[in-house]
Amino acid sequence: MISNSKKKLSIRVLDGIRNILPYGVDTLLQSTRSTLVDGYKRNELLPDHGLGIFTLSSIISDRAEPSESLKSTTIWSKGLDSPVYLLSEQQISAFEKNKIIETELDVKGRRGAFYVSSSIELEEQGSKQWFIVSELNQSAAKIQSLVDELDTGDSILLNLENDVLNGDENLKRLVFDADGFQMTKNANTIYRHFSNTLYNIMRGGIYANGYEIETSDIKQFIEKWNKVVFNRHSEYLNTLPEVVSYFDLLRLVESLNDLELERLVREYLPLTYSRRHGDPSRPWNKFNIEVTKDNGEKNLNFEGNWRDIFQNWEALSLSYPGYIESIISKFVNASTPDGYNPYRITKEGVDWEKLDSMDPWSNIGYWGDHQVIYLLKLMELSKKYKPDELPSLLYKNIFVYANVPYRIKGMEDLLKDPKNTILYDYESSELIDKRVDMIGADGKLVFVGNELYHVNLMEKLLVVLLSKISNFIPGGGIWMNTQRPEWNDANNALVGNGVSMVTLYYLYRYLGFVADLIEDLKEELMVSVEVRELFDGIFEVLSQNKQYLGAVLSDEERFNIVSKLGTHGENYRKSIYSDGFSGEKKGLSIDEIKDFVNLTMAHIKDTIGKNKREDGLYHSYNLVKFGKNTSSITNLYEMLEGQVAVLSSKALDSKEALSVLTALRESAIYREDQNSFMLYPVRELPKFMKKNIIPEEIVETSNVLKTELQMGLTRFVEKDVKGQHHFNGQFRNGTEIMEAIQKIGEYSEEDILKVGEIFTVLFDHHSFTGRSGTFYKYEGLGCIYWHMVSKLVLAAEENYYATIVKDEQSDDAVRLAEYFHELKAGIGVEKSPVDYGAFPTDAYSHTPSFAGVQQPGMTGQVKEDIISRFGELGVNISNGEICFNPRLLSKDEMLDQKTEWKLPSGTIILDEKQLGFTICSVPIIYELNNYKAITICYHNGDKYTFENTVKLNKQISQSIFNRDGKIDKIIVRIKL
């Protein structure tokens with residue numbers, strides 16, 4: 001407490017914590033039985049030590065057995081003179097009325113609180129400091145140690161201060177290791193990048209000891225995943241030193257010629273500080289970060305929804321490129337034979353959703369677009385940092401399939417009910433569980449006989465591609481028929497009726513990458529005969545329908561293509577579901593793959609062209625309707641997601657990209673008050689009294705509705721005093737009302753279907769996108785969703801750099817640079833807290849129409865911002881070399897005076913016209929000059945300058961990437 005007064009003050013203060021939860025109370029218990037929990041609470045005070053102990057009299061259970069509660073929550077305080085301690089809120093009102101309050105020693109059956117109250121004399125401009133400290137999961141032994149420490153006077157405060165400082169330094173070190181430290185004239189940019197980096201590693205984790213691997217942990221990892229492999233190599237593993245280099249370990253296991261061991265080591269990721277799945281800002285998610293185990297050992301662990309965690313690993317890979325191929329291995333080895341990825345990735349293995357009738361969020365199915373773009377971004381990084389790595393893996397049979405017990409239905413069932421397309425195979429699930437018990441996490445993988453089935457990387461990449469193309473709808477996109485939505489899960493109702501242009505845009509970029517990857521290969525690739533058959537079938541369909549490229553398809557012609565592609569997908573799935581892989585491989589030539597890629601890209605490019613809107617934007621999602629041998633496409637309203645995807649697709653040239661950015665600014669998606677973009681236009685939903693009115697002429701077309709009204713029944717329809725007709729309000733959709741009518745057994749199937757159709761048309765449910773169309777926060781109506789805006793910034797940056805490769809001075813490049821800065825400004829780093837709604841140095845989830853930013857912290861936006869920030873700094877990795885070309889960097893970021901740049905590794909003095917950032921924890925200093933040069937400063941005192949260049953050679957670049965600790969700093973002279 002600080003006094004600004006010019007006279008002495010006497011103040012009576014009360015400070016503390018309310019509603020303290022004791023040990024043994026979890027979220028479910030507190031939220032469902034809090035009153036019952038209160039009855040078990042006991043709050044005790046050790047008055048001589050100022051220590052409150054908050055516990056349960058017993059762990060809550062209704063079983064006929066003892067249930068002792070042997071841990072507690074403790075709270076203590078120091079700093080106030082002669083304090084009164086309160087363990088509940090019973091005397092708070094007395095304090096508010098300035099009445100005397102008395103210390104509470106033992107409070108039973110009430111919610112815990114810990115308050116300290118004292119009278120303070122504040123001198124003129126004086127201050128007073130006190131501490132309140134809470135600790136969880138305290139045993140009697142720990143409490144006794146705490147009591148002894150409290151008795152030693154104020155030394156515990158020094159220990160507390162040192163502990164906080166150590167924690168602060170440890171946190172800074174983690175952020176530094178992930179390249180979160182920068183120093184420029186713009187303080188907001190510095191803080192925002194630090195914050196982005198911190199939140200990114202809190203979502204995805206960070207490598208505990210860089211590239212140093214603790215042998216004890218990887219041994220535990222191998223044993224948990226495959227006991228057979230562990231037993232086979234335990235003797236060898238025991239000969240390894242306690243700590244081994246990751247790169248040395250890879251070389252060692254490769255020399256053993258054991259595919260299983262090499263696969264496991266490649267999948268090993270020594271991550272720490274990673275969240276459990278769920279953003280803490282969203283109240284329905286659970287969240288924790290456990291950096292130590294119960295026994296105090298370092299906890300190397302990760303667990304996350306796969307469509308979240310891989311995006312954070314992408315940004316982390318800029319700082320630890322040595323692990324990129326391990327992340328790719330983790331990704332593709334978690335993909336299934338039918339071409340999708342399961343729900344969750346953990347250190348313990350893959351995990352999938354199971355139906356839970358008690359959970360309204362429960363569902364099964366595969367998510368969509370993340371699979372293509374996240375895998376693609378990781379592979380693009382690999383090619384930049386280690387251009388020879390992926391081509392060699394294309395031939396290497398060290399990859400496997402995840403055995404998720406989902407069974408996607410056949411084409412007939414997909415057409416009949418595209419929203420219910422997956423069966424859960426309980427028999428297979430039981431077999432998987434038995435295998436896990438027998439061998440470990442590898443029991444969740446696909447076997448041929450008693451052996452794990454191995455394939456090469458080319459097959460894994462092809463299966464992802466073929467699964468998507470088997471659901472290709474010409475002119476529409478990729479049919480979303482796997483029961484789960486895409487990036488924006490608030491659009492969940494698009495499942496079944498929805499066709500994704502978003503995935504198609506990303507597939508175009510994916511195919512372009514594959515073409516580039518195999519360009520110089522000669523030797524044929526061996527793939528499973530089942531995959532080869534699917535490849536040939538889809539290739540044939542695309543070849544037979546080349547004549548429709550550039551032409552208008554009839555609904556019948558479109559259906560013919562969709563049906564044939566889908567049937568090939570069905571036949572492939574049937575073979576692997578019923579019989580599994582045969583284990584036989586067949587050759588696939590490089591020329592065949594190239595021809596397939598080129599043809600598929602032509603079909604995709606044609607559909608992209610057909611999805612350009614009249615306003616210059618591109619469709620994001622379309623709707624498909626199947627009739628008898630027909631497939632018709634209708635368009636939805638504009639969405640930001642589609643513009644980001646098409647700008648990221650590499651299907652547009654610079655002028656087309658500029659056209660989209662210009663159209664965006666002029667569209668209904670633009671929100672002028674925030675100078676940024678909503679996910680979709682604001683749409684006004686009908687008010688309650690207007691939305692459930694069935695026109696009289698429509699009622700007359702239904703035998704059910706007419707009969708019910710004539711009989712005076714209100715089971716399905718009712719008539720109000722004004723003569724208007726309404727559906728009974730208990731029904732939510734056409735399916736529900738049809739089921740209810742069918743249940744009474746009084747009407748024909750034709751009559752029942754008619755009511756369902758009327759209900760669906762009245763509320764336009766065929767166009768219903770999901771929560772996005774019915775709520776007003778998060779990804780809802782009128783909202784800016786900042787992650788997608790940051791994706792837009794990155795897409796604009798990518799188009800800029802693609803343009804300057806051809807012509808650095810072109811008008812298109814100048815305009816794309818302007819758009820990049822304009823879009824970045826809209827994000828809000830330079831906005832006032834009033835305009836932003838919070839501190840602009842932190843990322844937030846979204847901004848609704850009626851408030852400032854909401855839900856702070858761990859939004860996926862941080863990943864995009866980290867990547868685009870390094871792009872803004874001009875850091876470009878190509879062919880394993882680092883090049884600096886900061887054409888998007890503002891001169892205003894250069895320092896205007898000598899500045900101390902304090903890093904966990906030491907302090908660097910930066911001069912005027914300099915700025916600093918790090919790559920793989922190596923400080924990079926930009927110096928504004930009229931010539932180009934790079935100076936490498938080594939820790940041993942050596943210094944080398946390279947004139948007329950802004951590129952580091954491969955040897956120096958690899959030294960940085962490998963974090964070998966040889967380089968002290970690098971000074972880059974640049975022109976802006």
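A residue counts as buried when its relative accessible area is under 20%. By that cut-off, buried residues make up 56% of the 976 residues in the chain. The model is a predicted one.

Start with the whole chain. Its secondary structure comprises 31 helices and 42 strands. Along the principal axes, the C-alpha trace spans about 90 × 90 × 60 Å.

Isoleucine 741 sits in helix H25, which covers residues 734-744. Its relative accessibility is 0%, so isoleucine 741 counts as buried. Glycine 756 is 15 residues away from isoleucine 741 in sequence. In space, the C-alpha atoms of isoleucine 741 and glycine 756 are 9.8 Å apart.

Turn next to the charged side chains. The count of salt bridges comes to 58. One of them pairs aspartate 106 with lysine 108, with 3.3 Å between the closest N and O atoms. Aspartate 106 has a relative accessible area of 33%, so it is partly exposed. Lysine 108 is exposed, because its value is 54% and the exposed class begins over 50%.

Another salt bridge lies within a helix. Arginine 173 pairs with aspartate 177, the closest N and O atoms being 3.6 Å apart. The two residues are four apart in helix H4 (residues 155-177), so about one helical turn separates arginine 173 from aspartate 177. Arginine 173 is partly exposed at 33% relative accessibility. Aspartate 177 is at 17% and therefore counts as buried.

Helix H30 (residues 861-872) holds a further pair, glutamate 872 and arginine 869, three residues apart, about one turn of the helix. They form a salt bridge with closest N and O atoms 3.2 Å apart. Both glutamate 872 and arginine 869 are buried. Elsewhere, salt bridges with shared partners link Glu254, Glu262, Arg266, Glu389 and Lys396 into one network.

Finally, look at charge on the surface. Which residues gather in a patch of negative charge there? They are Glu427, Glu430, Asp433 and Asp437. Patch members need over 30% relative accessible area and no salt bridge.

How values were computed. Residues numbered from 1 in each chain as written. Predicted model: local features only at pLDDT ≥ 70, side-chain atom pairs only at ≥ 80, totals over all residues. Heavy atoms only, no water. Patch = residues over 30% accessible without salt bridge, like charges linked within 9 Å, V, L, I, M, F, W, Y side chains within 5 Å. Areas by Shrake-Rupley, 256 points an atom, 1.4 Å probe, with all protein chains shown as cover. Salt bridge = Lys/Arg side-chain N within 4 Å of Asp/Glu carboxyl O. Lys, Arg positive; Asp, Glu negative; His and termini not counted. Charge placed at Lys NZ, Arg CZ, Asp CG, Glu CD. Buried < 20%, exposed > 50% of the residue type's maximum accessible area, 1.4 Å probe, protein only.
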